[in-house]
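Here are some notes for a colleague who will be working through this entry.

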Amino acid sequence: MPKISQAQRDARQHQILDAALACFSENGFHQTGMADIVKRSGLSHGAVYLYFQSKDDIIEALAVDRHRQEAIRSAVTDQVEEPIAALRALVRAYARWLTDPGATLIQRVGVNGWSEALRNERVRAGVVEGIEAPRRLITDLIESAQSRGLWSRHTNPDAIARTLIALFQGLLLQKVWNQPLDIDAIVGTVDQMLDALATAQAPIKPRKQKRP
C-alpha cells in the first residue's frame with residue numbers, strides 16, 4: 001500500500017468525520033451504521049476502518065473536534081486582560097457560534113450526544129469534558145474579578161458558571177428546534193444579569209422577633 005502524507009491522512013479523516021456528521025445530524029446515532037458513514041464518505045470500507053474501528057470511535061472523535069472548536073471560542077478571553085470584559089467576550093463568542101450557519105450540523109449532533117451520553121459511557125465522558133472546560137474558565141474569570149474587587153464576593157463563582165452553561169445549553173436546544181432567537185436581545189439580557197451579579201449585596205437576614 002503506498003504511503004500517504006500526513007496532510008492526506010488528515011484530509012481523509014476529516015472526510016470521514018464530515019460524512020458521519022451529516023449522517024448523525026439527519027438520522028441520529030442509533031439509526032446510523034458504519035455502512036451509512038462509509039457510503040456517505042465515498043471511501044472504501046477498508047479505508048474508513050483504517051482510521052476508525054467502530055461508530056463509537058467516530059462519535060468520540062467528533063466530540064474531541066467539538067471541544068477543539070469550543071477551545072477556540074474560549075481563547076477569545078485570552079485577548080482581554082480584564083476578567084469581566086473577558087467574560088462578556090466569551091458570551092459574545094458563543095452567540096456568534098450559535099448563529100453560525102456552518103455550525104448547524106455539529107450543533108444538532110451535539111444535542112443528540114446529550115441523550116446518547118445517558119447510555120454510552122464514552123460519549124458521556126466527552127460531554128462532561130466539554131462542560132468542564134468552560135465551567136473552569138468562567139469560574140476562574142469570576143474569582144479573578146473578585147480578587148481585584150471588581151465582582152461581589154456575595155456570589156458563588158461555580159454556581160454562576162453552571163447557571164451560564166445551562167443557559168447556553170438551553171439556547172442551543174432552542175436553536176436546533178428552529179425557534180426564533182433574538183441574539184442581540186439575549187446577549188443584552190446576559191449583560192444585565194452579569195451586572196446584577198457583579199454588584200450583588202449580601203442577603204438580609206430576617207430579624208428574630210422578640211418573644212413577649
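1. The expected span of a helix is taken as 1.5 Å times one less than its number of residues. On that rule the 13 residues of helix 6 (residues 104–116) should span 18 Å, and because its end C-alpha atoms are 19 Å apart, the two values agree. Please keep in mind throughout that this is a predicted model, and that the agreement therefore concerns the predicted coordinates of helix 6.

2. As for the chain in general, it has 9 helices and 0 strands, and from the N terminus on its elements run α-α-α-α-α-α-α-α-α. The radius of gyration is 22 Å, whereas a compact globule of 212 residues would have one near 17 Å. Along the principal axes, the C-alpha atoms fill a box of roughly 90 × 40 × 30 Å.

3. On burial and surface, 40% of the 212 residues are buried, and the accessible surface comes to about 12900 Å², with 53% of that area belonging to carbon and sulfur atoms. Among contacts with a separation of 6 or more, 66% are accounted for by residues 24 or more positions apart. As to charge, there are 27 positive and 24 negative side chains, and the centres of these two sets lie 7 Å apart.

4. Which residues of helix 6 are buried? They are I106, Q107, V109, G110, V111, G113 and E116. Several of these names come back in the next two points, where they are seen from their contact partners.

5. L21 is found in helix 1 (residues 6–27), and its relative accessible area is 14%, so L21 counts as buried, the cut-off being under 20%. With neighbours within four places in sequence left aside, L21 is in contact with L62, L105, I106 and V109, of which I106 and V109 are also among the buried residues of helix 6. L21 and A61 are 40 residues apart in sequence, and their C-alpha atoms are 11 Å apart in space.

6. F29 belongs to the loop between helix 1 and helix 2 (34–41), yet at 5% relative accessibility F29 counts as buried. Beyond its neighbours within four places in sequence, F29 is in contact with F24, K55, I59, V109, N112, G113 and E116. The C-alpha atoms of F29 and S41, 12 residues apart along the chain, are separated by 16 Å.

7. I138 lies in helix 7 and is buried, with a relative accessible area of 1%. What does I138 contact, its neighbours within four places in sequence being left aside? The partners are L87, L90, A161, L164 and I165.

Conventions:
Residues numbered from 1 in each chain as written. Predicted model: local features only at pLDDT ≥ 70, side-chain atom pairs only at ≥ 80, totals over all residues. Heavy atoms only, no water. Helix = DSSP H or I, 4+ residues; strand = E, 2+ residues; numbered from the N terminus. Rg over C-alpha atoms; globule rule 2.2 N^0.38 Å. Buried < 20%, exposed > 50% of the residue type's maximum accessible area, 1.4 Å probe, protein only. Contact = heavy atoms within 4.5 Å. Areas by Shrake-Rupley, 256 points an atom, 1.4 Å probe, with all protein chains shown as cover. Lys, Arg positive; Asp, Glu negative; His and termini not counted. Charge placed at Lys NZ, Arg CZ, Asp CG, Glu CD.
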